[in-house]
Amino acid sequence: MTPPTTLPGGLPEGRCLQAVTWRRLESPGTEHCELWDSTSGPLLTGTSVLVSEGLPLLVRYTVACDPDWHTREARLVLHQGGTRRTLVLQVDDHQRWWRDGRELPELRGCVDVDLSVTPSTNTLPIRRLGLEVGQARDVTAAWVRLPDLSLERLEQRYTRLSTSLFRYESDGGAFVAEVDTDVHGLITHYPPGWERVATSEG
């Protein structure tokens, strides 16, 4: 995979479709996220400022997709308590996942990346599936847990309840949430986790 082209200062090359700010509901935290139409496909960039295990947690991420919203690359930089860690995941045309040049066979076949600190990555399957109202689909995501950056295979299900409302289920229905979205598929309300407090068109 070819990483997304960036401009000086780290901005993607392309057009910013929308910028949003979310507020975390369960614990202190906020996020700034941007959805870009880049030269190689949709791109999400974000910065989350949270509290985890009693420590300040700062996460910066980029998720690059192909034109059909399949995850092709995810990059994270995490700062917590004076420690900086990074994670780079790449996905090839056969849905094989790679970390630091090493294949992760347990993630083979996963289509989406799901970052535990942000609601932004729910947009990926919502846009890719293009469900009609009443339709449901099962998907498999590579779940990145933070702050330890561990990786799991996570079975998920999306059901479109209305034009803007989706029911999200994971881990065999152990977790269920109804999430509201806008015309770009970005989350506006995700109880009990997040709510949007500001937005602007790119």
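**Briefing: fold and local backbone features of a predicted model**

Of the contacts in the protein chain between residues at least 6 apart in sequence, 44% link residues at least 24 apart, a contact being heavy atoms within 4.5 Å. This is a predicted model, in which local features need pLDDT of at least 70 and side-chain atom pairs count only at pLDDT 80 or more, while totals for chains, interfaces and linings use all residues. Residues are numbered from 1 along each chain as its sequence is written, and side-chain values use heavy atoms, with hydrogens and water left out.

**Overall architecture**

- The secondary structure of the protein chain comprises 1 helix and 15 strands, where helices (H or I, at least four residues) and strands (E, at least two) are DSSP runs numbered from the N terminus.
- With a radius of gyration of 16 Å, close to the 17 Å that the globule rule gives for 202 residues, the protein chain is as compact as a globular protein of that length; the radius is taken over C-alpha atoms, and the rule is 2.2 Å times the number of residues to the power 0.38.
- Along the principal axes, the C-alpha atoms of the protein chain fill a box of roughly 45 × 40 × 35 Å.

**Surface and charge**

- Of the 202 residues in the protein chain, 48% are buried (buried means under 20% relative accessible area, exposed over 50%, partly exposed in between, with a 1.4 Å probe and protein chains only).
- The protein chain exposes about 9600 Å², of which carbon and sulfur atoms supply 48%.
- There are 21 positive and 28 negative side chains in the protein chain, and the centres of the two sets lie 2 Å apart; Lys and Arg count as positive and Asp and Glu as negative, without His and the chain ends.

- Val197 is in strand 15 (residues 194-201).
- Leaving aside residues up to four places away in sequence, Val197 touches Thr21, Trp22 and Arg23.
- Val197 and Thr21 are 176 residues apart in sequence, yet their C-alpha atoms are 5.8 Å apart in space.

**Backbone exceptions in loops**

- Most residues other than glycine have a negative phi, and most peptide bonds are trans.
- Leu146 and Pro147 are joined by a cis peptide bond with omega about 15°, and Pro147 lies in the loop between strand 10 (136-145) and strand 11 (150-160).
- A cis peptide bond, with omega about 5°, also joins Pro191 and Pro192; Pro192 belongs to the loop between strand 14 (187-190) and strand 15.
- Glu53, in the loop between strand 3 (42-52) and strand 4 (55-65), has a positive phi near 55° and is exposed, at 66% relative accessible area.
- Asp171 has a positive phi of about 55°, lies in the loop between strand 12 (165-170) and strand 13 (175-181), and is exposed at 54% relative accessibility.

How values were computed. Accessible areas come from the Shrake-Rupley method with a 1.4 Å probe; for residues, only the protein chains shown count as cover. The place of a charge is taken as NZ of Lys, CZ of Arg, CG of Asp or CD of Glu.
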